[in-house]
Amino acid sequence: MKFIRISVVLFVFALPASAQRIPQIKLKELQQLLTTPREKVQVINFWATWCAPCVKELPLFEKLKADNQHVEITLVSMDYDLDPDPAKVERFATRKNLQNKVLILAETDPNSWIDKVDKNWSGALPATIVINTKTGKRKLVQKELHEGDLEKLITEVSN
Amino acid sequence: MKKLFVVLLALIAVAASPVKQGFEVGDTATDFKLKNVDGKTVSLADYKDAKGYIVIFDCNTCPYSKAYNQRIIDLNTKYAASGVPVIAINANDPNVSSGDSFEEMVKLAKQKGYKFPYLVDETQEVAKAYGATNTPHVFVLSKDLKVTYIGAIDDNSRKADAVSKRYVEDAVDALLQGKAAPTTKTKAIGCGIKWKSA
């Protein structure tokens, strides 16, 4: 009997954690993230589950979170535009065990808001904004990042 | 002597100014010579009777390209007969995106029955000259290669039947009527062109 009980407990623990719930935000909240003055440098990555170079560079953001306590990282999923069901993003974040904060931008008609995120952004993914919200100094990168790139960008907006 | 100095200064100023990448609406685009999926070389100048062109930087692999594939075929069906053909160009580096190799392009064009050229921009020089960033990324050109529209095909990537603004159709209709495009520039979420690593 005791054996069965232990087996049940083990079984429950062995089950994969249910997919994490990911908040859906609107443009206004994204803009606040870019403009509200904060102590820490903000690193905002625009990605999607279907975007191969985005998925490839995600570990760089996870590593940055582990290495640098002085930055705040947000991974903003752009999946909504093609697929408004958050399940895919939630499963992905769970499977990859993402430690960074993940948000879904739940907006349609990108032409009406891409310029409001950054007027230099074409809308292509991946894209990353590194911003010092106290000074407004920001860097936009519209391609896949490589080892060391984020650290360089953070230094550039910090000075 | 003084004159020479001024000329020199002007030359230095020109050389030092950053090279502008890409065309804006109103610019005159450049023609190109690129290999088509049938092995032949295609230039815009080959279309002697064209009244304009719908140049689309596209690819095989991007989910946005897939979402727009039928809409691109429909654009050509609708406008090629009126003298404004679709010219599709794939600039993705197949070393980064193997699904965009020339062989895969040939397959897709055959499978989808493309009636328009699907060209490979191997050096990526054409994509760079045009300032293409996404796939699909459209440049509507007049017959004398004036850029009249740059951007997305329409305002709903997800659902073709839920579109409310048909940017490219509106631009081509205007072109055929000798008018300016009602919307000249739009942006869309999309896959970045897979550039060769420098």
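Reader: What pattern does chain B follow along the sequence?
Author: In this predicted model, chain B reads α-β-β-β-α-β-α-β-α-β-β-β-α-β along the sequence.

Reader: How many helices and strands is that?
Author: Chain B has five helices and nine strands.

Reader: What share of chain B counts as buried?
Author: Of its 198 residues, 49% count as buried.

Reader: And the contacts in chain B, what share join residues at least 24 apart?
Author: That share is 74%, among contacts between residues at least 6 apart in sequence.

Reader: Now the sheet. What is the strand order in chain B?
Author: The order is β2-β1-β5-β4-β3-β7-β8. Those seven strands form an open sheet, and the pairing is mixed.

Reader: Which strands stand at the edges?
Author: In chain B, β2 (41-42) and β8 (147-151) do. Each has a single partner strand, so one side of each lacks a neighbour in the sheet.

Reader: Which strands does helix α3 of chain B lie across?
Author: Helix α3(B), residues 102-112, lies across β1, β4 (86-90) and β5 (118-120) of chain B. The helix runs at about 180° to β5(B).

Reader: Switching to the interface. How many residues of chain B and chain A are in contact?
Author: 19 residues of chain B are in contact with 23 residues of chain A.

Reader: What area do the two chains bury between them?
Author: About 1600 Å². Carbon and sulfur atoms carry 56% of it.

Reader: Which three residues supply more than any other three on the chain B side?
Author: R158(B), K187(B) and I189(B). They supply 48% of the area that chain B buries against chain A.

Reader: On to chain A. Is strand β6 buried or exposed?
Author: Buried. Six of the six residues of β6(A), residues 127-132, are buried, so the strand is largely enclosed by the rest of the structure.

Reader: Which residues point which way from β6(A)?
Author: A127(A), I129(A) and I131(A) point one way. T128(A), V130(A) and N132(A) point the other way. In a regular strand, side chains alternate between the two faces of the sheet.

Reader: Which strands pair with β6(A)?
Author: β2(A), residues 41-47, is joined to β6(A) by five bridges, antiparallel. I44(A) stands opposite I129(A) there. β7(A), residues 137-141, also pairs with β6(A) in the antiparallel sense, over five bridges. In that pairing, I131(A) has R138(A) as its bridge partner.

Reader: How many residues are between β6(A) and β7(A) in the hairpin?
Author: Four. In the turn, G136(A) has a positive phi of about 80°.

Reader: Helices next. At what angle do α3(A) and α6(A) cross?
Author: Roughly 55°, with the axes coming within 10 Å. α3(A) covers residues 52-67 and α6(A) covers 149-158. The two helices are therefore oblique to each other.

Reader: Which residues make the contact?
Author: L60(A), F61(A) and L64(A) come from α3(A). L150(A), E151(A) and I154(A) come from α6(A). By class, five are nonpolar, none polar and one charged.

Reader: Last one. Is E90(A) buried or exposed?
Author: E90(A) is buried, with a relative accessible area of 10%. This residue is found in helix α4(A), residues 87-95.

Reader: What does E90(A) touch?
Author: Leaving aside residues up to four places away in sequence, E90(A) touches A19(A), Q20(A), R21(A) and I22(A).

Notes. Residues numbered from 1 in each chain as written. Chains lettered and ligands numbered in written order. Predicted model: local features only at pLDDT ≥ 70, side-chain atom pairs only at ≥ 80, totals over all residues. Heavy atoms only, no water. Axes fitted to C-alpha atoms, helices over the stretch in contact; angles between N-to-C directions. Parallel < 35°, antiparallel > 145°, perpendicular 65-115°, else oblique. Contact = heavy atoms within 4.5 Å. Nonpolar A, V, L, I, M, F, W, Y, C, P; charged D, E, K, R; others polar. Buried < 20%, exposed > 50% of the residue type's maximum accessible area, 1.4 Å probe, protein only. Pairing = 2+ DSSP bridges. Buried area = accessible area lost by both parts, 1.4 Å probe.
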